[in-house]
Amino acid sequence: REQERLGPSTGSIIEEATARGIPWIRLNGRSLCQLGYGANQKRIQATITSQTSSISVELSCNKTDTKHLLSQAEVPVPQGKEIRSLEALEDAVKSVGYPLAIKPIDGNHGRGITADITTWETAQKAFEEAQQVSSSVIVEKHIEGEDHRLLVVNHQLVAAAKRSPAHVIGDGKSTIQQLIDEINKDPRRGYGHEKVLTAIEVDRMTQMIFDSAGYTLDTVLPEGKLLKLKDTANLSTGGTATDVTHKVHPEVEFMAQRVSKVIGLDICGIDVMTTDISLPLSETGGAVLEVNAAPGFRMHIAPTEGLPRNVAAPVMDMLF
């Protein structure tokens with residue numbers, strides 16, 4: 001079922017097309033769909049449209065190029081270096097300084113990313129993890145704050161979500177495994193993208209967090225202790241999303257629209273790390289971490305908390 005059905009992002013666009021009386025057909029076994037017929041047809045694949053620039057997609061997939069272009073445009077980005085070897089990692093750690101974030105140059109869905117690195121051992125492990133996704137790796141300054149995703153369609157901000165990584169909160173009685181099992185009982189959590197939230201799985205990233213904290217799955221957490229199980233806040237790794245569209249500061253909104261034009265994407269997801277999205281980044285010391293082509297819509301159409309946003313409507317307005 002999961003292999004056959006349309007994903008949540010494509011599905012939301014198709015539902016919007018159907019509501020507007022626009023005919024559609026599926027062109028392959030995945031998410032390539034045609035909207036309308038003949039001279040008026042448009043195509044979508046997930047949230048990439050027939051109008052999306054190929055160069056812009058390539059740019060957004062290369063984190064070094066993205067950072068270079070954004071810093072040229074005076075958009076705040078974390079300082080960092082691109083490396084390929086352990087020797088270069090040593091130099092990068094010295095020049096950038098702890099706390100660090102290490103990520104593959106062309107990863108997605110939060111794969112291979114480790115944040116808030118404060119020791120050389122963790123940096124080495126994180127480097128190896130990132131190299132499994134991409135031979136070139138970025139070492140950059142870790143920015144304090146919370147992860148926010150800004151969705152820009154046709155160079156207009158249409159939604160914003162604050163994303164929290166998968167986590168458990170101790171009760172002084174249950175083991176970490178029991179706490180995870182309890183969270184996974186939530187009927188909103190399921191396999192892959194089948195539901196609005198994804199079940200939490202213990203993977204290598206979780207294991208690295210346990211190792212550095214000296215925990216195992218049988219550890220009983222003290223009451224009220226919050227333990228993050230992932231370094232990234234992606235929904236696909238069990239994270240949650242809260243709609244904050246109404247809180248975004250006008251300066252941040254303007255910056256997001258500029259970023260979409262600098263990279264040239266008609267639909268883009270901008271990852272911003274800041275302590276408070278209702279203040280300009282210059283006041284919070286926040287930064288733009290990356291720009292994503294084909295951003296997922298799930299966190300906006302069905303947030304864990306807050307108002308759901310029909311983000312497929314502006315896509316249809318742009319295409320037709």
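Contact here means heavy atoms within 4.5 Å. The views below come from a predicted model.

**View 1. Val-288 and its contacts from elsewhere in the sequence.** Neighbours within four places in sequence are left aside. Val-288 is then in contact with Leu-70, Val-75, Pro-76, Val-77 and Pro-78, and also with Met-255, Ile-270, Asp-271 and Val-272.

**View 2. The largest nonpolar core, with 26 residues.** Val-288 is among the residues with the most contacts inside this core, as are Leu-70, Leu-150, Met-255, Val-259, Ile-270 and Val-291. Two or more residues each come from helix 2 (54–61), helix 8, strand 9 (146–153), strand 10 (156–164), strand 16 (267–274) and strand 17 (287–293). Helix 8 gives the largest share, 5 residues. A second, separate core has 19 residues, including Ile-22, Ile-44, Leu-151 and Val-315.

**View 3. Helix 3 (residues 63–72) packed with helix 8 (residues 250–263).** The angle between the two helices is about 120°, and their axes lie 10 Å apart. Helix 3 is therefore oblique to helix 8. The crossing is right-handed. Helix 3 makes the contact through Thr-66, Leu-69 and Leu-70, and helix 8 through Val-259, Val-262 and Ile-263. Of the residues in this contact, 5 are nonpolar, 1 is polar and none is charged.

**View 4. Helix 1 (residues 8–19) packed with helix 11 (residues 312–319).** Here the angle is about 65° and the axes are 9 Å apart. Helix 1 passes helix 11 in a right-handed crossing. Ser-12, Ile-13, Glu-16 and Ala-17 of helix 1 meet Ala-312, Ala-313, Val-315 and Met-316 of helix 11. By class, this contact has 6 nonpolar residues, 1 polar and 1 charged.

Methods
Residues are numbered from 1 along each chain as its sequence is written. This is a predicted model: local features need pLDDT of at least 70, side-chain atom pairs count only at pLDDT 80 or more; totals for chains, interfaces and linings use all residues. Side-chain values use heavy atoms; hydrogens and water are left out. Axes are lines fitted to C-alpha atoms, for helices over the stretch in contact, and angles run from 0 to 180 degrees between N-to-C directions. Helices (H or I, at least four residues) and strands (E, at least two) are DSSP runs, numbered from the N terminus. Angles under 35 degrees count as roughly parallel, over 145 as roughly antiparallel, 65 to 115 as roughly perpendicular and the rest as oblique. A crossing is left-handed if the near helix is turned anticlockwise from the far one by less than a right angle, and right-handed if clockwise. Ala, Val, Leu, Ile, Met, Phe, Trp, Tyr, Cys and Pro count as nonpolar, Asp, Glu, Lys and Arg as charged, and the others, Gly among them, as polar. A nonpolar core is a set of buried Ala, Val, Leu, Ile, Met, Phe, Trp, Tyr and Cys residues joined through side-chain atoms within 4.5 Å. Buried means under 20% relative accessible area, exposed over 50%, partly exposed in between (1.4 Å probe, protein chains only).
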